[in-house]
Amino acid sequence: MASEATKTVKTRFVIISDTHTAELRPSNDKSHAYRDPLPSSDVLLHAGDITIAGYISEYESMVDMLSKADAELKIVIAGNHDVTLDEPYYEKIGKRKFHRNMGEDLEVVREMWTGEKAKKAGIVYLEEGVRTFTLSNGARFTIYSSPYQPEFCNFAFPYLRDEDRFNQYAQNPIPDHPKIDIVLTHGPPAGILDQTNRGDKVGCEHLLRAVRRCRPRLHCFGHIHEGWGAQRVDWVQDHSVSLPVDRQQILNNRCAYVNISQDAGDNPAEGTNKPLTFGEETLFVNAAIMDVNYKPVNAPWMVDMDLPIA
């Protein structure tokens, strides 16, 4: 639904992360929200950890699942478990650590995500950087993506915790507001949906600083399975609220739903259905499907939001 006054159009996103090759549960399995089919959307976002250990057979399964999803555009980044998509890491460490030196064909892996089959299915694999997309509903958005996270158990796409990948002197810094609508990273920013089951907050301080400067409409990530949830941050008031969820409603709808478009209601106490003010607020979503025990018990997230018309 387009708005002539504001020159925006409501656009639907479905967000998943940390699928770790888990196939969708059967449609009649009402005990899991992560079941067939994924909810329909304009854009499907996958925030990495597609697989358990980057095997070609795992990618085949996930490409097949994403190809069947009802979305015009399906944007995917890698995560630390997708070891064969971090080619320098794989040749140096990953092949020996995960595949006993047998090795997967890295050209085949990359072709699966960037070749004609993926393109025909609407799948776009992004590495670190900035891309702009225009949808058939007229919406245009610019996204910053990065599969990197602070070094974790000698897995893929690492950086040292004191390294700043995201600000002024980085190779691919996140641009200032208002250039970015969506940030898609595998790891979380510091203090936002980043707490482990041991109580440690393990998000990246540099990423938080960059997102505070960038102020996107939406920041999606995963990595910390037990951090699943959504949080709305008001940068002006220096205030944040965790969004409540209704488990039964989630199971019925196959997703947790947030409406931050202009036709949302106004529930300031919860922030679940309330228009978002671009430049003043950001919606953060940890969309990890797996829980800490690697069971696919978490739900996809669905977000309706306004985007500028091209």
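When I say today that two residues are in contact, I mean that they have heavy atoms within 4.5 Å of each other. Hello everyone, and thanks for coming. One thing before we start: what you see above is a predicted model.

Let's begin with helix H5, which covers residues 205-214. Which of its residues are buried? They are His206, Leu207, Leu208, Ala210, Val211 and Cys214. And what do these buried residues of H5 pack against? Their partners are three strands: S10 (182-185), S11 (218-221) and S15 (281-286).

A word of background: strands of a sheet pair through backbone hydrogen bonds, either parallel or antiparallel. This sheet gives us an example of each. S10 and S11 pair in the parallel sense, over three bridges. If you want to find that pairing on screen, look for leucine 184, whose bridge partner in S11 is cysteine 220. S6 (residues 129-134) and S7 (residues 140-146), on the other hand, are antiparallel, and six bridges join them. There, threonine 132 stands opposite threonine 142 in S7. S6 and S7 make a hairpin with five residues between them, and in the turn glycine 138 has a positive phi of about 95°.

Staying with rings for a moment, Phe13, Phe133 and Phe141 form one aromatic cluster. Across the whole structure, a search finds 10 aromatic pairs. Let me show you two of them. Tyrosine 159 and phenylalanine 166 form an edge-to-face pair, with 5.9 Å from centre to centre and 80° between the planes. Both tyrosine 159 and phenylalanine 166 are buried. The other pair is tryptophan 228 with tryptophan 301, and this one is tilted: 5.0 Å centre to centre, 35° between the planes. Where do these two tryptophans sit in the chain? Tryptophan 228 is in the loop between S11 and strand S12 (229-234), while tryptophan 301 belongs to strand S16 (residues 301-308), so the pair links distant parts of the chain, 73 residues apart. Tryptophan 301 has a relative accessible area of 1%, so it counts as buried.

Next, a pair of helices. Two packed helices are described by the angle between their axes and the distance between the axes. For H1 (residues 56-68) and H3 (residues 106-114), the angle is about 5° and the axes are 10 Å apart.

Now for some backbone details. Most residues other than glycine have a negative phi, and most peptide bonds are trans. With that in mind, have a look at aspartate 49, which has a positive phi of about 55° although it is not a glycine. Aspartate 49 is in the loop between S3 and H1. Is aspartate 49 buried or exposed? Buried, because its relative accessible area is 1%. Cysteine 153 also has a positive phi, near 55°, and it is in the loop between strand S8 (149-150) and S9. At 48% relative accessibility, though, cysteine 153 counts as partly exposed.

What about cis peptide bonds? One runs from aspartate 36 to proline 37, with omega near -5°; proline 37 lies in the loop between strand S2 (8-16) and strand S3 (41-46). Another joins histidine 177 and proline 178, with omega about 10°. Proline 178 is in the loop between strand S9 (158-159) and S10.

Let me end with threonine 196, in the loop between S10 and H5. Its relative accessibility is 16%, so threonine 196 counts as buried. Which residues does threonine 196 contact, leaving aside its neighbours within four places in sequence? Those are Val202, Ile224 and Glu226.

Conventions
Residues are numbered from 1 along each chain as its sequence is written. This is a predicted model: local features need pLDDT of at least 70, side-chain atom pairs count only at pLDDT 80 or more; totals for chains, interfaces and linings use all residues. Side-chain values use heavy atoms; hydrogens and water are left out. Buried means under 20% relative accessible area, exposed over 50%, partly exposed in between (1.4 Å probe, protein chains only). Helices (H or I, at least four residues) and strands (E, at least two) are DSSP runs, numbered from the N terminus. Two strands pair if DSSP finds at least two bridges between them. Axes are lines fitted to C-alpha atoms, for helices over the stretch in contact, and angles run from 0 to 180 degrees between N-to-C directions. Rings of Phe, Tyr and Trp (its six-membered ring) pair if their centres lie within 6.5 Å; planes under 30 degrees apart count as stacked, over 60 as edge-to-face and the rest as tilted.
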